[in-house]
Amino acid sequence: MKTFTQSVVTAAITLLSCSWAFADQTGHVYGIHDRSSKKIAFTNAVVHVEPGKTINNATLIIENGRISSVERKGSIPKSARVIDLNGHSVYPGFIDPYSHYIFGKSESTFTFGEPPKYEGDRTGGKAWNEAIHAEIDWVNEFSPNKDEALNYINNGFTTVQTAKLDGIFQGQSVTVSLADDSPSQLIYNANSRHFGSFNKGSSKQSYPSSLMGSIALIRQTLSDAKWYKEAKGKTDHLITGQLVEYNAALEELNELSSVGLIFNSEDHLSTLRADKLFKKYDLDITYIADGHEYTRIKDIKSTNSTFIHPADFPAKPNVNSFEDQLDVSLAELRHWERAPSNPAVLAKNKVPFAFTQYGLKDNKEFWKNIRLAVQHGLSEKDALAALTTVPAKLSGIANQSGKLTPGMIADFVITDGNIFADGKIKSVYLQGKEHSITPISVTDFSGTYTLNINSKKLNLELKQDNQKVSGSVKMGDEQSDIKVTYQKDDTLRFTVDLSKFDLNGVYRFSNQFKSNALTGFYLTPESSKISFTSIANNTVTDESKSKDDSANGSEKPEYISQLTTPNRAFGFDRLPKQQDVHFKNATVWTSEKAGILENTDILISNGEIEDIGKNLSTPSGYQVIDATGKHITAGIIDEHSHIAISKGVNEGSDAITSEVNIGDVVNPNDISIYRALAGGTTTAQLLHGSANPIGGQAQVIKLRWGSNAEQMKFKAAPGSIKFALGENVKQSNWGDEFTIRYPQTRMGVETIVRDAFLRAKEYKASWEKYDDLSRSEQRLTAPPRKNYRLEILNQILENKRFVHSHSYVASEILSLMKIAEDFGFRIQTFTHILEGYKVAKEMAEHGATASTFADWWAYKFEVYDAIPGNTCLMMKNGVNVSVNSDSNDLIRRLNTEAAKSINYCNMKPEDAIKMITINPAIQLKVDKYTGSIKADKHADLVLWSGNPLSNYSKVEQTWIDGKKYFDREEDAQVRQSLAKEKNQLIQKILSNGKSSESHKDSNNKDSHSLALTNIYIAKTEPAWHCEDNFDFWAWQSSHNKQHNHQRAGE
Amino acid sequence: MKLFKMKTQLIAFAALSMSMFSLAHDLVPGKNAEHPIVIRHATLHTVSQGTLVNYDLLIKDGKIAEIADTITTDSKVREIDATGQHVYPGLIGLSSTLGLVEISAVRATRDQSEVGSMTPEVKAHIAFNADSELIPTVRSNGITHIEAAPTGGGLIGQSSVMHLDGWHWEDALVESSVGMHLRWPSTGINKSFWETRTPEKQREDNEKAFDSLHDTFEQIQSYVKARKNNKEQAVDVRWEAMRPVFEQKIPLFVHANDYRQIAQAIQFRDKFSLKIIIVGVYDAMKASKLIKDNNVPIVYSHTWGQPGRSDEAIDVAYNTPAFLENNNIPYALAIEGSWNIRDLPFAVGHTISYGVSKETALRSVTLEPAKLLGVDDVMGSLEKGKQANIVISKGDLFDHLTHKVTYMFIEGKEIDLNNRHKKLYEKYSNR
């Protein structure tokens, strides 16, 4: 059966290739050779040769599948077939640089609750990680598929760059024609770009399970590729200790620098992350846009990359009722309004981009959306470039495709007008062969004709819309519609009942349109055949064609929505400015020896605290803030936070993951940042979760709301890293499937950490050994492989990076301190440390600091001995103590968390305030810059309505670096304007007709917010916790899978 | 008299020190007082009669015997000089799993949630562990009573009023089966990252869940009718447990936060003629008219709540109690949880900070909850004849800076204010 089908297909292909020009060049020709004329002349066309260059009244000649000439009123070779394109336009065939034509996308088979899979299945030269398959050359898997090709051709595409979209390094794509021929005739570029993403796709291997894990894996893999190139073939393996393995994936990755990479980062923030990652390797990377680029266009522009833009915009949010509106955020409404301007914004900022059909749920939306983009300010020239020259370059075929100049392949699109306005695609030529969508007919029957029947003068009015003729016969007020029975080229046959005009019955007309006249005959009801000719006059203007094409781009769309950074409610429309301020007459909690100073003034200037004292005079130009009755503290610092992190807080797929870095995944769009500012927090250490003994690197940020991820980083803070001990790392509460990873006991935790440090030392020694070799020896010797995981551990050993260890019980605290002492470093901070009070003396001796919860306990066995007096007992023993939030909620009120120690163990208020200011500053090693009110420190300040530790006080203002980031009064005003904006946007949607959701529903289709790709859903990051250990990529694929199911059900 | 006071304090201190040496056993429940107790010169936060400054309060036979500016007593009275101190009715923690779960990560210690989505037959007090180490840490902050309530989804089960001092659950039980708990099916579209279903699927599931709940209630309704009119009708323990709900003898505590859930619950109430109390009520501001027009009692549990929608203001949850007060909508305040309900006094302070009057704030954790639980005739305010459930604090109970509970009485019995935390603190202070 299968064989039969195949042979039928083969037969069909053979048949086609026989009847057309391109026979299999290296194969045999069976039967008679085809030598028919392969020259076609297209005349009277508007030819868009390339973006910005149009020839009117052109003659386009193609020969043997290539363009041989295009000239204004060019002469027509005698041997050519002539096709009159009067009234038509010709565009270069469109190229989709990011498709999965033939190959498809990854289908995950993941289900929740599956046991973890730590090791990959290796065959041949595959990489260790199953998400890396750079060795695949997709060209070898290519064979065309007519039906799938139609998805593209119907929108005017002639060429795609394609690979299977699956995994991190997805292999080398291939650029192919969408024509139907033998594969070898269709391959335009066998060595196209590699494709990649952060998403591990169908890989079932646990690592990586987070975005930062994927970033680390890419970093290590690119470094490995470089190493592989150097090490492979070296004869001496003294240092590596083993032969250099054969690794096809690494070998192939070395061609990235020559062919480039198309990378789907899945969102614009991750594009910036990827850019930072790839910059080091000097690679040519093209990113898939997520449609939000306009919100951070400056950063996007700074990537100097080309983008591939899905022609996909969000549908109208459902705001049909109060109830529906409850699920719709201002951010969604704003994006609905402005998303179609994204391509125009890219163009305006000279960011090159190409369009793709990728991500479109319904390909019929493609042109609707391109036109929408044009209506939102994208010039037709840029739009055309995004469909032709830019993708041609991206696909490595600029020398043969993307333009209609002589020598180029005859891939082009014929439309009946301006395609960016309302021109419809009539025909697509692929390699010189026509794929007809609707017949090209230059016959325009429209007009008014005079009929004289039985000496009655009747008017025949014909209209033509999208080829189809309709019309009626009229006399006076009476009219009778005609019924067209046949229409092809210049032939038109119709019937019409003329009884209304006292003409006793149905007449049948058979006509041809020639020289602006209908010529033919009609049959009377009595079947008499009567000839007639009538010249068209008063040509009825075809409304659809009379539109002013140029009107589209020039009409400026108006937006109601604000554009803020981040572009959501409470984003900033402009960044706060540094101010010189005189705070007058406050109660100042210095967090210094000076303690609490009453009736005190503070001057700030240039982002720093200038002076503190009583009755200071106001320097000129300083703004005065009367703080009488108010209190000022240093900005609150949170040692332990998981806000502002994207796509996974744990890389919990391995016991040691020092190579991952929270700094790679800072999320500046997290609303928790603004909310924390409203609670007086100015600095936070963003920690990796607690799923493994050695987790990832941490990132200290200042809560500079409105800036980008890099600008948020507290640059002066030294590196730090998260360790974890106890129940979480031994997977005690992860379920029965998680019992195989080492360690499962506190004994194992201790030894695996030791083992890691031994490996780090060994690694360092191997480099020293290598560096000591003479140059000639080095030439023969395979160098050690750079290992990011171990390099980070060495930073700890060298006191360049500091450990913050999640810990609860006394035993594990002692063990870790012992390890550190044995390896010659110190644990900087024990975080959570709920049994710190039991070993406070030892901690003080070791030199460790402590950051604890104010009063959490009883949620798991290892916190059953937790007590709220922990802070006091540790402090009494000389340990530096802070309280932390580990929560996007508590970070909003760390002041009352600190106050709990006053309640539960009689801590002095000045010590309590230190627990959230100078003490955590010391723990993060930023106490030189912030954490107390002292001259020359950063002006990170909080103005409180009263005693900052009281339940009854509120933050009035929060300042960072002398810039005001939060003001309660301004916040109240912003709410009003946001509410107004939201209402206006809702009105705009409602007055624009029905919300598309209801429209979709009536078609039994997916709802508005998922109607398109899921990249447009305003997904909010969750409130991450230490213990949120799950596989982000698996989650995402199960999500996508559900979509696919939905789709299949439609 | 002065001497007596000193003695009392000495005794109290001695008791405290004694318990330090006790072998981490649970504390001994309070005993009936030998003599009447008079609390003198205190600021009485009566709830029902405002704040009385420099007043005396007499406890006799476990009840409040008298409140007056000066109470004269015979010599066989224990005197407590509470000059400058504040006296409150014991706080009542609604919708709590205290005593039902010891360590939430340890399965063996979890008794708060029965399997299945329709378990109206289960009763919280049955599993209440009066010896839970958590209880003394909660009551030492001023909470004398809780509504022990099971948790979970669907029709969850019955709650009971417990006092936080007893030898076992029967001893701690004040009133059994005071309400039935139901978690309202979700009505909104979850766009958070965890949600893997499409909006359609969610909408569909929401509809299904509602329909299924509706079917169940119709089924219960016909069962209740059948039981009433047909002696032969076999007993179904699930639906039998729902009879008091359908006969309006006990309220249905509906856990609902979204406006649409609240609206649906009210429609349900009217359709099936139920008494409902809505718990959670995040959208109370949006639904204030609905709540007020329909006279729905509510328990607000989002004192420190995060904005529930991404574009909502930072303090929308904080401001809700004051909004309710300003709109004359009575409410009770709750923290749903176990160990963390010891923060209840500070939740009250937080609502005061965001505009609630001190009187309404106190009422929201005393008399309002007592009303909802049907025990306001015996507790919830300082009134003659009510149970002597009393908390004395050196300063304002609702701010960490001043909160210092010095005495607690439950039904006139003095409560040991020691707890696991204090004991461990003492132990390691001596290291």
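A: Let's start with a crossing: in this predicted model, helix H4 of chain A passes helix H7 of chain A in a right-handed crossing. To find the two on your screen, look for residues 211-231, which form H4(A), and residues 268-279, which form H7(A). For H4(A) and H7(A), the angle is about 25° and the axes are 11 Å apart. Because angles under 35 degrees count as roughly parallel, H4(A) is roughly parallel to H7(A).

Now zoom in on the residues that make the contact. From H4(A) come A:Leu211, A:Ile215, A:Ile218 and A:Arg219, while H7(A) supplies A:Ser270, A:Arg273 and A:Leu277. Sorted by class, this contact has four nonpolar, one polar and two charged residues.

Helix H10 (residues 330-338) and helix H28 (residues 968-991) of chain A pack at an angle of about 50°, and their axes are 10 Å apart. H10(A) and H28(A) are therefore oblique to each other, and their crossing is left-handed. On the H10(A) side, the contact is made by A:Leu330, A:Leu333 and A:Glu337; on the H28(A) side, it is made by A:Leu978, A:Glu981, A:Lys982, A:Leu985 and A:Ile986. By class, there are five nonpolar and three charged residues in the contact of H10(A) with H28(A), and no polar ones.

Strands come next. Chain A has an open sheet of six strands in the order S8-S11-S12-S13-S14-S15, with mixed pairing. Its edges are strand S8 (169-172) and strand S15 (353-356) of chain A, each pairing on one side only. From one strand to the next, the twist averages 20°. Inside this sheet, you can follow strand S11 (residues 194-197) of chain A alongside strand S12 (residues 261-264) of chain A: the two run parallel and are joined by four bridges. For A:Phe195, the bridge partner in S12(A) is A:Ile262.

Finally, step back to see both chains. Here 42 residues of chain B are in contact with 56 residues of chain A. On the side of chain B that touches chain A, the elements giving two or more residues are helices H4 (199-229), H6 (259-272), H9 (344-353) and H12 (420-429) of chain B. That side of chain B has 20 nonpolar, 14 polar and eight charged residues.

Definitions and conventions. Residues numbered from 1 in each chain as written. Chains lettered and ligands numbered in written order. Predicted model: local features only at pLDDT ≥ 70, side-chain atom pairs only at ≥ 80, totals over all residues. Pairing = 2+ DSSP bridges. Axes fitted to C-alpha atoms, helices over the stretch in contact; angles between N-to-C directions. Parallel < 35°, antiparallel > 145°, perpendicular 65-115°, else oblique. Left-handed = near helix turned anticlockwise from the far one by under 90°. Contact = placed C-beta atoms within 7 Å. Nonpolar A, V, L, I, M, F, W, Y, C, P; charged D, E, K, R; others polar.
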